[in-house]
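Open your viewer, load the model and keep the selection panel at hand. We will go from stop to stop together.

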Amino acid sequence: MSCNSCPPFGGYKFPSCFERYGGINNTKNPGNVKSLHSLAHNVMPKFYEGIELDYNHRLAPNKFILATWVLSHVKPAGFRFGGLYTFRVADDFMLTPTIFGDVHPTTLAANLNIIYYPFKPLRLEAALQKHAEEMPVQTEYTIEWTRPNDTWTANFYNVRNDRGRCTLSGMRSITQHWAIGGELLLEWNEPKRLMTDLAFAARYSHHNYSFAASASRQGLDVSYWQRIHPQIQMANMLAWNRNTRQTIATICYQWNFWNCSVHGMIDSGALVGFMWTRYLSYIPLQMGFSVVMSLPTDRFAFGMRFILDPSGLRRGE
């Protein structure tokens with residue numbers, strides 16, 4: 001078939017009009033099962049309690065200094081300092097492991113995270129947490145293999161001979177909009193006793209809305225996310241637990257302005273929350289506050305957070 005509108009041959013072969021060629025893939029990578037409801041969860045407010053002061057400073061493209069001071073009744077209070085370091089970076093690609101860690105100078109409680117991409121599709125990650133008390137170190141290891149149409153992930157949580165937990169999951173794109181997957185849970189509290197559970201996941205997504213659901217013998221999770229305006233996002237979430245026979249439905253929104261953003265939520269338990277964040281233009285400071293109220297009990301929690309960033313890391317500079 002001939003078509004006069006097709007560009008002339010100039011060293012490259014252009015396909016003829018209305019002619020299909022094999023080997024073209026329009027599907028996209030669906031991510032992993034753990035991030036199935038991430039679009040809806042990102043809209044939900046991140047509440048603070050008390051006062052949080054953060055300091056971020058970039059020494060080089062691969063070196064950052066971080067410090068945090070927290071005054072709270074819920075989170076571990078006190079001062080922590082640490083940093084993030086990548087041994088070698090080429091453009092935006094990490095050629096060597098990236099290490100992030102912080103420590104509490106009084107109690108010596110510490111966090112250590114390591115992420116490494118030995119190959120582009122392979123991600124290795126380790127998270128270690130040491131408590132102040134005489135407790136074993138909490139560990140989490142992740143091995144993830146990413147391909148153009150699917151993602152395979154293995155997570156190991158506090159794996160020891162006497163107890164531990166492991167999840168094996170896979171997510172695959174069937175069409176440009178549909179993705180399905182599953183997750184196998186292995187948990188043991190004794191060396192010879194193994195408990196298993198299987199969960200199924202599915203997602204239907206477009207560029208401005210997404211519907212995701214995951215189900216297992218333990219319960220059901222459903223989420224719906226939509227961008228109703230270039231600056232407004234809304235999300236609905238429903239969670240049902242089989243053991244407790246409880247169901248919680250949540251509605252939340254996010255409204256972005258040119259210099260600030262607003263998050264809000266309300267759930268079926270009459271819990272109402274609000275969060276406001278703003279980056280000041282005349283000083284390198286991001287500030288925000290949040291409040292959450294329980295209408296049946298007439299109780300509320302209020303928090304404020306300040307992030308000082310002289311290097312402009314929070315603005316993506």
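Predicted model: local features only at pLDDT ≥ 70, side-chain atom pairs only at ≥ 80, totals over all residues.

Residues are numbered from 1 along each chain as its sequence is written, and side-chain values use heavy atoms, with hydrogens and water left out.

**Stop 1: a nonpolar patch**

Select Ile228, Met234, Ile251, Tyr253, Trp255, Phe257, Trp258 and Ile266, which form a nonpolar surface patch with about 830 Å² of accessible area together. Such a patch joins nonpolar side chains (Val, Leu, Ile, Met, Phe, Trp, Tyr) within 5 Å, from residues with over 30% relative accessible area and no salt bridge; areas come from the Shrake-Rupley method with a 1.4 Å probe, and only the protein chains shown count as cover for residues. Strand 17 (residues 246-256) gives the largest share, three residues. Strands here are DSSP runs of E, at least two residues, and helices are runs of H or I, at least four, numbered from the N terminus.

Now pick Trp258, in the loop between strand 17 and strand 18 (260-267). Is Trp258 buried or exposed? Its relative accessible area is 77%, so Trp258 is exposed (buried is under 20%, exposed over 50%, partly exposed in between; 1.4 Å probe, protein chains only).

**Stop 2: Asp150**

Next, go to Asp150 in strand 10 (residues 150-157). Asp150 is buried, at 1% relative accessibility. Show its side-chain polar contacts (N or O atoms within 3.5 Å, one able to donate a hydrogen and the other to accept it; residues adjacent in sequence count only if both atoms are side-chain atoms): Trp152 at 3.3 Å and Arg172 at 2.6 Å.

**Stop 3: salt bridges**

How many salt bridges does a search of the whole structure find? The search finds ten, each a side-chain nitrogen of Lys or Arg within 4 Å of a carboxyl oxygen of Asp or Glu.

- Lys34 and Glu140: their closest N and O atoms are 3.5 Å apart. This pair links the segment before helix 1 (38-43) to strand 9 (residues 138-146), 106 residues apart.
- Arg80 and Asp102: the closest N and O atoms are 3.3 Å apart, and both residues are buried.
- Arg217 and Asp197: the N to O distance is 3.2 Å. Arg217 is exposed at 52%, whereas Asp197 is buried at 10%.

Finally, select Glu52, Asp54, Lys75 and Arg305 to see a network of salt bridges.

Methods. Patch = residues over 30% accessible without salt bridge, like charges linked within 9 Å, V, L, I, M, F, W, Y side chains within 5 Å.
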